[in-house]
Structure formats: structure tokens, C-alpha cells
Amino acid sequence: MVGNQEGDNGKMTQTDFDILVLGGGPGGYIAALRAAQLGFSVALVEAKHLGGICLNWGCIPTKALLRAAEINNLLHNAQEYGFTVENVRFDLQKIVARSRAVSHQLSMGVSYLLKKAKVSVFEGFGKINGKDARHKWKVLVSHEGKDSFTLTAEHVILATGARARDLPGLEPDGDLVWSYKEALIPKKLPKRLLIVGSGAIGTEFASFYRAMGSDVTLLEAVPRILPTEDEEVVAIAHKEFEKQGIRILTGVKLGALKKAPESVTLHVDYAGRSEEITADIIISAVGIVGNVENIGLDGTKVRVDRTHVVIDSLCRTDEERIYAIGDLAGPPWLAHKASHEGVLCVEAISGRKVEPIDVTKIPGCIYCKPQIASVGYTEARAKEAGYSIRVGKFPLIANGKAVVMGETAGMVKVIFDRQTGELLGAHMIGADVTEMIQGFVIARTGELTEAELIETIFPHPTISESMHEAVLAAYEGALNF
Amino acid sequence: MATEVLMPALSPTMTEGKIACWVKKEGDNVASGDVLAEIETDKATMDFESTVDGVLGRILVPQGSEVLVGTPIAIVVQKGEAVPAATPKPVAAKPVPHTEEKSSAVTSSPVSLPSPSHVFSLEGGSHGKNRIIASPLARRLAQEKGIDLATLKGSGPHGRIVRRDVEAVGAKVSQGRSVEQGASHTAVPTSHHQSSLKPSTPLVQGGLAIAGGVMGGDPYKVVPHTTMRKVIARRLTEAKSTIPHFYVSVDVELDALLALRAQLNALSPDKGEGAFKLSVNDMLVKASAVALKKVPGVNASYTDDAMIYYDHADISVAVSLDDGLITPIIRQADLKSLKTISLEAKELIARARAGKLKPEEFQGGTFSISNMGMYGVKNFSAVINPPQSAILAVSAAQQQPVVVNGGVKVATVMTVTLSVDHRAVDGVMAAQWLAAFKAAVQSPMTLVL
């Protein structure tokens with residue numbers, strides 16, 4: 001059955017769907033595409049940008065900025081490769097403009113893909129509004145300056161994502177206190193930059209702004225930066241960051257923030273000391289919270305735990321035919337996890353047999369310099385879980401291609417279950433490791449053991465050879481180290 | 001000219017074979033028909049005869065090794081000819097499909113059997129089907145836990161056996177084991193040397209308990225599976241999980257049959273040529289054949305596309321071995337006399353025990369009998385031997401009071417249970433078959449007609 005309403009252009013628009021997706025980020029738009037592929041009629045309601053945070057204010061534009069940082073680094077180190085490059089300067093606005101253009105291009109791409117798949121895209125803010133007489137879910141779509149209208153759908157997939165967590169006293173003001181959003185479109189480069197939070201977002205901005213010339217101080221509340229990563233990887237990252245001139249304070253207790261017209265001063269306590277740190281800009285990157293508000297969950301059985309929607313292994317909420325995917329459904333907050341859940345959720349709706357997500361098979365990538373990529377158990381977690389383990393490590397200084405590239409900082413570390421040879425985890429830091437981690441993810445997903453990894457012939461010369469060597473190191477010994 | 005001798009396919013289900021022992025040594029003269037080696041297949045140990053004349057130039061696969069069918073295992077050269085230096089390395093047994101023509105090139109034993117039951121046999125000639133698809137981790141876990149992957153069903157993509165499938169079995173058998181611990185269950189089965197005929201069902205249950213035995217903290221012994229054990233496990237798991245069994249029991253009076261048996265046996269010369277001694281089982285084989293001719297719907301195989309009805313009653317008789325069981329076949333039992341059946345059965349059972357049955361002597365068959373009467377068993381049901389449609393479980397005969405016309409008499413009574421494939425045979429037909437069987441046993445003169 002197809003319901004209709006009169007659209008903007010006077011044409012009748014379909015208003016009744018099999019599946020309605022709330023949110024057009026990497027979870028929502030992929031869910032919509034997959035649903036269309038499977039023959040469902042699909043509506044996608046997005047308030048702002050197709051592609052969501054990831055594409056517009058997250059993964060993609062930060063990588064565009066970090067690409068500029070990489071070029072800046074190369075230009076400044078060009079003499080190492082025999083070049084004389086003088087008078088290197090950059091125009092921050094052009095760098096930001098390119099980053100925005102990249103996001104825009106990809107967002108247009110999403111728009112095109114949805115159109116091609118015949119997904120009906122509605123601009124506006126969607127809110128669940130009870131069921132109609134046929135027990136279909138009603139979703140009220142409102143848009144500033146326009147009339148609200150109601151869509152109906154058998155199934156509703158919530159994919160409203162998440163936003164930056166506000167720390168009391170450190171709420172972004174768009175001027176001196178930035179969230180990721182302002183940090184992506186700086187009007188000018190802060191001379192002194194304070195970053196609170198050393199997760200992926202904090203360290204990526206630290207790398208970018210440091211490469212562009214800011215004096216960066218990175219603050220972390222827990223005793224080490226990148227708290228979710230393997231300790232040895234973190235130790236290398238810490239050392240490399242400091243080598244680049246980033247000041248790192250860990251185990252920090254934040255005190256009061258004082259704002260002056262052109263600067264901020266933050267009181268911090270760490271290691272038994274107190275300090276007043278003054279900076280031009282402070283970036284708050286202390287985690288994210290799910291967008292659970294104002295989407296009509298109150299009238300449903302959907303359960304919210306703190307700031308995320310509770311789901312089962314098939315992305316089902318406690319309410320019938322309402323699902324949640326991506327950041328809204330809790331950590332890990334990763335675009336590829338959201339997309340995968342989108343596919344899984346829709347396939348489960350279609351009655352297909354699906355494989356529930358195992359978080360230990362989801363890779364994580366951080367694009368700081370040097371890059372960090374990982375999958376599965378860290379050494380500490382593997383031990384906590386009771387595994388008897390074998391660990392192999394290989395430093396990139398011993399890898400031919402890394403030397404060729406002049407990118408020798410880093411290492412590959414692998415952790416195997418001593419008993420079964422299962423690859424429990426892989427942790428890499430260094431150039432291009434974000435492009436390489438998929439090899440270990442395949443190994444983990446395909447349930448390979450050390451034997452197949454050892455048998456695998458890796459191409460030479462590549463940095464990926466260090467993956468092979470790390471596996472060898474866990475068993476009979478690396479050959480090139 | 002040097003000839004490569006390949007591991008033969010000695011049975012349709014055989015995908016790999018183990019060199020039990022080399023009868024010929026390197027340098028020995030070999031004539032066509034000479035036994036080169038004894039090969040352990042999934043069913044039995046068989047003599048492998050040479051098809052060429054010459055000298056055994058080189059043994060490529062040592063005694064005790066298992067290789068895929070079609071793998072070169074030796075090279076026979078002409079007298080005086082040098083053994084080729086570069087010889088292909090034998091391939092370790094891996095589950096890869098191979099072609100029939102490759103294996104039949106040098107084999108002496110016939111591979112294809114004309115029995116129609118093989119055309120649609122669930123055992124299948126498709127070796128590709130026998131390939132086990134499992135993740136490397138699943139393989140390793142299975143090996144550690146002593147679980148045969150062939151007995152598992154994969155839940156991964158395209159039925160791939162993955163870690164959780166192996167772990168699920170591990171959990172199941174370890175649970176099962178804790179229940180059995182009170183009964184001082186031993187992990188290693190004891191063999192029944194004294195037994196002659198034994199049903200399949202209890203053996204298979206024992207097989208699963210073995211897998212459980214390697215779990216947990218108690219001391220245990222790990223005994224790797226023989227190929228026969230693997231085949232028993234795979235075939236019967238397949239049978240029990242794919243065939244909708246149902247069971248029909250009936251009591252049969254044996255007195256007339258026992259009297260006839262005594263009379264007939266008295267006719268036998270004491271010894272020498274022509275001497276015979278009919279067993280009860282021989283007569284039940286014949287009675288089954290008679291009943292199958294009367295109710296031919298049971299003498300059949302179910303396939304996805306069609307029913308197959310067999311002209312003759314080829315009766316498989318379950319024979320227990322030290323390490324498993326095998327079912328030699330009395331072919332065309334409907335046409336044979338009791339004496340012929342008896343002599344054949346005796347000879348087949350002896351060779352079965354010696355592991356010397358030829359494939360065609362235990363493959364095929366249209367109906368099975370499993371007899372545990374000699375163990376005093378009151379009643380049991382057996383697992384159907386695919387692609388057959390039924391198996392008769394025979395229990396012990398005991399004297400008991402029987403009410404006849406309001407009076408009580410003493411009769412020798414045994415309970416038989418027919419396990420039936422409901423896809424092929426419905427309840428009434430099963431009852432009709434049992435009635436025919438009962439009539440044949442209770443009026444045994446029909447067996448000598």
C-alpha cells in the first residue's frame with residue numbers, strides 16, 4: 001500500500017514505506033541502500049547532511065585536514081629527499097575549504113546513490129509519533145519554516161548518531177572553547193592550543209594542529225593517552241607525539257576554566273602538581289553521547305541506557321519493529337560499525353540469516369601521526385580474559401619499505417592464543433597501518449590461525465611485510481630482525 | 001616404462017587410504033595380480049594388487065601414511081630400468097575432490113558397482129561432497145577436543161564449520177559426560193571379541209561418548225579414530241539426522257522355526273563337503289527376504305526424485321568387529337536356499353572379521369538385519385543403513401506363557417522391531433511387512449519352499 005501526500009512541487013509523494021530510516025549518516029544511509037537493494041520501499045529522514053557526522057564533520061573532513069598536515073610535513077622535510085623547498089607557506093582557509101569540498105563531494109555522492117536506489121529522502125527532523133490503525137509506525141517530520149508531515153512505515157530504524165559530550169564548565173562556545181566542529185573550520189591557527197581528551201578525536205586534532213605549527217598541549221584524565229589501545233603502542237605514540245613537540249599531561253584533574261577575551265586559562269592538577277595553562281583555544285574531545293532526545297522514544301518501549309539505545313544482537317530495541325544502529329546504539333563509535341549494523345539490521349528484517357557483530361572483530365583506526373590501527377584483544381585484555389598468549393612484535397625500523405619512505409617510527413604487535421593459535425589481537429602503529437589492519441581483521445573473521453598467516457606470502461617491499469614478521473616473531477622468530 | 005601406482009579408490013566413499021603395510025619391498029619383482037600392499041580404507045583393510053608386471057622401483061608413501069585417492073604411492077619399473085629420479089611428492093591427505101578416471105587408471109579393484117542402490121546412494125560417488133569445509137581455527141579446536149569434523153554441521157557461510165560449531169559440540173559432550181561420571185564411564189570403549197552380530201545403535205552412542213571423554217579434568221586416554229569409526233559416525237549421524245525413522249515392534253513365536261532348524265541340521269553330513277549348520281539368524285535372513293518379496297514396498301530406497309524398488313532382497317547382516325561393525329550382504333537371499341545362505345553368511349562373517357571383505361561384499365544391500373538375541377536383549381531399535389528403507393532389530397528368544405483360545409501355553413517368543421524410513425514406507429506397510437515376516441517365521445516351511 002502506498003500512501004501519498006502533496007509534495008513541495010505539487011506532485012504526490014509517497015508517504016507509506018516498508019522501512020523508514022531516521023538519520024542519514026554512515027549507519028542510516030547504508031541501511032537505506034541495503035533495504036532498497038533487498039526490494040523494500042524505503043524512506044530516509046535526515047535533518048541536516050546526508051552522510052552524517054562521519055562524512056560532514058568527522059572521519060572525512062579530519063582526514064582531509066590531516067592530508068594537508070602530511071603534505072606540510074613532507075614539504076618541511078623535503079631536504080631529506082634531496083629537494084630544496086623554500087618559503088613553505090599555507091593558507092589555512094584554503095586547507096579548510098578543500099576539506100569542506102571533499103565532504104560536500106562525498107555528501108553529493110550519497111545523495112546520488114540514494115536517488116539511484118529510489119530511496120525517498122525527506123529533509124527534516126523525524127520523530128516517532130505512535131502507530132496508525134494498521135499498526136504501522138507514524139513518524140512526524142518537521143522542518144523549520146515548513147509544514148510538518150507524517151510518514152508511516154512498518155519498520156523504523158533509528159540512526160540518529162551521537163554528538164560531542166559536554167564537560168561541565170567546558171561547554172563549547174564556538175569562540176574559545178571548540179568542539180570537533182569548530183576545530184574542523186578554524187578561522188585562524190591558534191598559537192597555543194589545549195586539547196582535553198586523548199582519544200581518537202583529541203589525538204588527530206593534536207597531530208593536525210601541531211603539524212601546522214600550533215603549540216599543542218594534550219590533557220588526559222586517565223594515566224595514559226589513547227586509553228583503549230595496547231599499552232606498547234601507546235608508549236610509542238606518546239614518545240612520537242612528544243618528539244613532535246606535543247606536550248602531554250596524563251592523570252590530569254581539570255579545574256576551573258577562566259575565559260579572557262582572547263584566551264582561556266585552565267587550572268589542572270596532575271602528578272601532585274598544579275598548573276594554570278593558558279591557551280588561545282581549548283578543544284573539548286571527551287567522548288560522545290547518543291542523540292536519544294526528541295525522536296519520540298518516550299511513547300515507546302525503546303529502552304535507553306544513559307545516552308544510548310539498548311539493542312539486541314540483531315539491532316532490535318525492546319519495541320517491536322523499531323531498531324537502532326550506529327553511535328546511537330552505543331560503542332564502539334565507529335562509522336564502519338554503524339554501516340555494518342545497518343546492513344545486518346535490514347537483512348535480519350528481510351528474514352536473512354545474519355551474523356551478529358563481534359566487537360573483537362571490528363577494527364579501529366586513528367589517523368594521528370604515526371597512525372594507529374588495531375583489532376581484537378590488547379595484550380592486557382587477553383590476559384584478563386584468561387588466555388595464555390604468544391606475543392610477536394616487529395619494529396618498522398627493520399622494514400625495508402618503511403625505511404624507503406622515511407617512516408620508520410612504529411611497530412606491529414600480534415597476540416595469539418597459545419593453545420589454539422587463534423589471532424586474538426593485532427596492534428599497529430606507523431605509516432599506513434590504517435590501510436593494513438584489514439589483513440588481520442580478515443584473519444580474525446576467517447578464523448585463521450598462525451599457521452595460515454605464516455604460510456601467507458606477503459609482497460615485497462611493503463610495510464605489510466612487518467605484519468608477517470610480527471607473526472613469525474610470535475612463533476619461530478622474525479627473519480628480518 | 002615406469003608406471004606410477006596410485007592410491008586406489010577401493011570403495012565409492014573412499015577419499016583417502018592408509019597403507020596398512022607394504023607386502024612387496026623396493027626391488028621385489030611384481031607380477032600382475034600380486035598383492036603390493038594392504039590398504040586400510042574407510043571400511044576394511046584390503047589387499048591391493050598390482051596391475052602391471054615389473055619391479056617395485058620405489059615406495060613413495062611409507063607404511064602407516066594416509067594419502068588421497070589418486071596420489072602416487074609407488075613406482076613400478078621394467079626389469080633393468082632405472083627408477084625415475086624426480087618423482088612427484090606424495091600429497092598429504094587433504095579433502096580435495098578428485099576425479100574417478102584418475103583413480104581408476106591403475107587400480108585393480110573394481111570401483112563402480114552395478115548395484116542400482118549405488119546410483120542414488122547417499123554415500124554418493126561425488127567426492128566433492130565429502131570435502132569438509134571448516135575454518136582453520138575450527139579444525140584445530142576439533143583436533144584438540146577429539147571431535148570429528150565430519151560429524152558436525154557448519155553454521156558459517158555456505159555451511160562452513162566455524163569455531164562456535166566445534167565449541168557447541170564440546171559443550172554438549174562435556175555436559176553429557178558429567179552425567180555419566182557417576183556410572184564410572186570409561187572414555188575408551190572395550191571391544192567385544194566374543195560377539196558375533198551386533199546392532200549399530202549402541203555403538204554410535206559409544207562413539208559420541210568418546211568425544212566427551214577427552215573433555216574435563218579427569219584422567220582419560222585419547223584413542224584416535226580409525227577410518228571405520230569415522231565412517232560409522234558420519235553415516236549413522238547422517239542416517240539419524242536425515243531419515244525420519246519410525247519403529248514398529250511385534251512378538252514372534254519361534255518354536256516352529258527352531259523345530260525345523262533342528263530337523264534340517266540333522267540332515268547335514270557330519271563334516272566335509274556339504275556340511276552345514278543353520279543358525280536362527282540364517283533363517284531370519286531368509287524370512288526377511290520372503291517378507292520383502294511379499295511386501296516389496298519395503299525393499300526400496302527413497303531419493304529426492306523418485307522411489308527405487310529393488311527386484312531382489314539383498315540382505316545386509318550387521319557383524320561386529322573389534323573396532324566397529326560392518327554389514328556383509330547376502331545377495332538375492334530371496335532366490336537362495338537356507339543352506340546357501342548359511343554357508344555364505346558363515347564365510348562372509350569370517351572374512352569380515354579378518355578385514356578381508358571386498359567392497360562389493362559390504363556395499364549395497366536393500367535391507368538390514370541386526371541381531372542381538374545372543375546377548376539376551378529384550379528389545380531394541382536400530383538405525384537405518386542408508387539408502388535402505390528399513391532395518392530389523394532382533395532380540396532374544398525367551399520362553400513365556402502365551403494365551404491361546406483362553407488357555408495358556410508355553411512358547412518361545414522374541415520381539416523384533418522394524419525401523420522404517422517414513423519417507424519411503426508408511427505405517428500400514430510396515431505392519432504388513434512384519435505380519436509377512438511373522439507368518440514366515442511361524443510357518444517356516446515357507447522358508448524351504
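In the predicted model, A:His49 touches A:Gly24, A:Asn56 and A:Trp57, when residues up to four places away in sequence are not counted, a contact being defined by heavy atoms within 4.5 Å. A:His49 lies in the loop that separates β4 (42-46) from α2 (52-57) of chain A, where helices (H or I, at least four residues) and strands (E, at least two) are DSSP runs numbered from the N terminus. With a relative accessibility of 29%, A:His49 counts as partly exposed; on this scale buried means under 20% relative accessible area, exposed over 50%, and partly exposed in between (1.4 Å probe, protein chains only). The C-alpha atoms of A:His49 and A:Gly23 are 9.1 Å apart in space, although 26 residues apart in sequence.

Because its relative accessibility is 17%, A:Asp132 counts as buried. The side chain of A:Asp132 makes a polar contact with that of A:Arg134 at 2.7 Å, a polar contact being a pair of N or O atoms within 3.5 Å of which, within protein, one must be able to donate a hydrogen and the other to accept it, while residues adjacent in sequence count only if both atoms are side-chain atoms. A:Asp132 also touches A:Lys138 and A:Thr152, residues up to four places away in sequence being left out.

Strand β12 (residues 215-219) of chain A is largely enclosed by the rest of the structure, because four of its five residues are buried. It runs parallel to strand β11 (residues 192-196) of chain A, to which five bridges join it, and strands are taken to pair if DSSP finds at least two bridges between them. Within this pairing, A:Leu193 has A:Val216 of β12(A) as its bridge partner.

The contact between the chains takes 14 residues from chain A and 13 residues from chain B. About 1,000 Å² is buried between chain A and chain B, 40% of it given by carbon and sulfur atoms, where buried area is the accessible area (1.4 Å probe) that two parts lose on being put together, summed over both. Three salt bridges are counted between chain A and chain B, each a side-chain nitrogen of Lys or Arg within 4 Å of a carboxyl oxygen of Asp or Glu. B:Arg164 forms a salt bridge with A:Glu355, with the closest N and O atoms 2.7 Å apart.

Residues are numbered from 1 along each chain as its sequence is written, and chains are lettered from A and ligands numbered from 1 in the order in which they are written. Local features of this predicted model need pLDDT of at least 70, side-chain atom pairs count only at pLDDT 80 or more, and totals for chains, interfaces and linings use all residues, while side-chain values use heavy atoms, with hydrogens and water left out.
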